[in-house]
Amino acid sequence: MTRFGPVLAVVGLIVALWYAAAVWMNAPWVYDQAARANQKVEFGQLLAGTMAQSRPVLPAPHQVAAELWKGVAGQSVTSKRSLVYHGYVTLQATLYGFVLGIGFGVALAMAIVRWRVMEASVMPWAIISQTIPIVALAPMIVVLTNAMGIEDRMVPKAIISAYLSFFPVLVGMVKGLRSPDQMQIDQLLTWHASSAQMFWKLRLPASMAFFFASLKVAIAASLVGAIVGELPTGAIEGLGARMLIGSQFGEPLIMWAALFAAALLAGGLIVLVGWIERLAKRRMGGAA
Amino acid sequence: MIWVPAHPGWLMAAVAVWLALWGLNIGFAGQGGRAARAVVPVLFGMALLVLWEGVVRAYEVSSVILPAPSAIAVRISQVLPMLWGDFVQTVIKGAVTGYLIGAGAAVAVSVLIDRSPFLKAGLLPVGNFVAALPIIGIAPILVAWFGFDWHSKAAVVVVMVFFPVLVNMVAGLAASERMQRDLMATWGASYWQALFKLRLPAALPFLFNGLKIASTLALIGAIVAEFFGSPTVGMGFRISTEVGRLGMDIVWAEIAVAALAGSAFYGLIAVIERWMTFWHPSQRV
C-alpha cells in the first residue's frame, strides 16, 4: 500500500483534472446548442451535456474507456473495427522490428568491441543516425522497399522500428561487453582462454544486465517506430492508421481509443520484457 | 537480370574508393589521438556516399526511387530559400519553441514536486510509464485543438519533451549527497540557497541527459504533427506532398536538412553541457 498509494493518488488526480478539462472544453458546444434552441442551461444539464457528446473536443475518461471496451470486446477479433485486430497488426511489425533491431544492435556491438576501427568509424554515425528524425526517412523506406518488389506492408514498418530500437541495444551491449574488469580478463588469460571462450564465458554473461536494461527502452522505441511507420505509409491497418483515420474523419473517440490501446500495448510489452529478464536471470543462476 | 550493373565501371570505381578509404581508416584508427577521432568518421561517411553514388550510377537507378547524392546536392543548391522557409517553420517555430516551453515546465514542476515526497513517489512511476508511451499519438488530437499552424506543433513537442526531462530532473535533484546537504545546513543556508548553490548544479548532468533525449524527440514531434495538417510550408508537409509527387530529390534534401538540424541541435546541447558541467567526471576526457 505504501508503494501504490501515491501512484493511485496521482492517477486519481489526473482523472479528476481530465474530467474538469472535459467540462471546460466541451461546454461551448453545449451553450451553442442551447442558444440555438433558445434554452437556458442549468449547471446539471451542462455537466450531462459535456459528458456524452459524440464528437467532443475532449472526450471524458469513461467515454474513452467505453469506446476502448467496444473496440476490444465488442467486436469479433477479425473485424476491421476491432482494436485487437489493429493492435495485432502493429504488434507484429513491432516484434519483427524489435528482433531485427536486437540482432543488428548486438552484431554491431560485437564488431565494435572486437575491432577498434569499427568503433571509431561507426559509433559517431550511430549517434547521428538517431538525431535524424525517423519520420523524415519513413516515406523513403516505404518507397525503397516497394521498388525492390516487396509488397508486404509489414517490411517498411519493421525496418523503421528496427532503426529506432537498435540504438539502445547497441549502446547497452557495448557497455556490457566491456564491463568485465581487467582482473577477470587476466584470470581467463592465465587459464589460456581463446578469444571465443573469453567472449562466451566472460563478456557475454557479464553483459546480460545491460542487455535487458536496454531491451526495455528498445521495445518502447520499437512500438513508436511501428506506429510512426503507419502514419505516412498510407496504411489502413494498425493502431497508427486508426489514429490517422480518426483524425481525418473527425472522430475523436476513435483517435483516443487507439491512443489508449497503444498505451496498453506499450505497458504490456514492457512488463513482458521485465518478466523474460527475471526468467533469464534465474536460468543463468543470478539472484532473481 | 537486375543484379548485373549497366555500367560496371562506376561500381568498380566506387568499391575501389570505398576500400581505399576503409584501409586509410584502419590506419588512422590504429594511431588513435584527437585528430583520428575526427577524421575516421568523416572518411567513413564519405565512403558511404561514394558507394551510394556508384551503385546508383552503375545500376541506372531511377531518380524516382533513389537519387544520387550528387543530384540531391544540386537540388539542395537550387531550392535553398524553400528549405530555409521549411526549416524556420518546423524547427525554429515548432520544435525549438515547444522544446523551451516543455523543458522549462518540466524543470519547474520537478522543483515543485521535489518538496513533497508523496507527490514524488506517485509522479515518478507515472512519469516513467508515460515517457515510454507512444506519445506521438496525441499529435492528431493537439492539431485538432490548436489548429494547423506552428502552435499545434509546439504543443506536441511540449508534451513529448516534458516527461523525459521531468524524470531525469527529479532524479537529478536527489543526486546531491547527504553530507553535502548537511554542510549546507550547517552554514545556515535557506532552502533556496541550497537549491541554487548545491542541488541545481548537482542535477545538471541528469538534466542534460534528459535534454539530449528530448532534442531528438522534439524534431520528431514537430515533423509528425505536420502529417496531420499544416500550412503549405514546413518539413513534414514538404515530405508528405513531395513523396506523393515523386519528387524524391526534394524529400532527400529535406532529410538532409532534418539530419543537419537534428545533429546541430544535439551538438549544441552537448556543447552547453560541456561548458556548464565541466566538473563532472564524464566530461574529463
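**Entry 1: α4 and α11 of chain A**

I began with a helix pair in chain A, where L83(A), G87(A) and L91(A) of α4(A) meet A257(A), A258(A), A261(A) and L265(A) of α11(A). By class, this contact has six nonpolar residues, one polar and no charged ones. For contact I used C-beta atoms, placed from the backbone, within 7 Å of each other. For class, I counted Ala, Val, Leu, Ile, Met, Phe, Trp, Tyr, Cys and Pro as nonpolar, Asp, Glu, Lys and Arg as charged, and the others, Gly among them, as polar.

I then looked up the geometry: α4 (residues 83-114) and α11 (residues 252-283) of chain A pack at an angle of about 55°, with their axes 11 Å apart. The pair is therefore oblique. I took angles under 35 degrees as roughly parallel, over 145 as roughly antiparallel, 65 to 115 as roughly perpendicular and the rest as oblique. Axes here are lines fitted to C-alpha atoms over the stretch in contact, and angles run from 0 to 180 degrees between N-to-C directions. Helices are DSSP runs of H or I with at least four residues, numbered from the N terminus.

**Entry 2: what kind of model this is**

I noted that this is a predicted model, in which local features need pLDDT of at least 70 and side-chain atom pairs count only at pLDDT 80 or more, while totals for chains, interfaces and linings use all residues. Residues are numbered from 1 along each chain as its sequence is written, and chains are lettered from A and ligands numbered from 1 in the order in which they are written.

The model scores ipTM 0.72 and pTM 0.79. For chain B I found a mean pLDDT (the predictor's confidence in each residue, from 0 to 100) of 81, with 94% of its residues at 70 or more.

**Entry 3: around α8 of chain A**

I looked at how covered α8(A) is, and the count of buried residues among its nine is zero. Buried means 20 or more other C-beta atoms within 10 Å, exposed 12 or fewer, and partly exposed in between. Just after this helix, H192(A) takes a positive phi of about 65°, although H192(A) is not a glycine. Most residues other than glycine have a negative phi. H192(A) sits in the loop between α8 (182-190) and α9 (195-230) and is exposed, with 7 other C-beta atoms within 10 Å.

S195(A) lies in α9(A) and is exposed too, with 10 such atoms. S195(A) and R114(A) are 81 residues apart in sequence and 9.7 Å apart in space, C-alpha to C-alpha.

**Entry 4: α3 and α11 of chain B**

α3 (residues 69-78) of chain B packs against α11(B) at an angle of about 80°, with the axes 9 Å apart. I therefore recorded the two as roughly perpendicular. Among the residues that meet are R75(B) in α3(B) and D249(B) in α11(B). The contact has seven nonpolar, no polar and two charged residues.

**Entry 5: L51 of chain B**

L51(B) is in α2(B) and counts as partly exposed, with 17 C-beta neighbours inside 10 Å. Leaving aside neighbours within four places in sequence, L51(B) is in contact with A14(B) and W18(B).

**Entry 6: where the chains meet**

How many residues of chain B are in contact with chain A? I found 47, against 44 residues of chain A. The chain B side divides into 37 nonpolar, eight polar and two charged residues.

Definitions and conventions:
Two residues are in contact if their C-beta atoms, placed from the backbone, lie within 7 Å.
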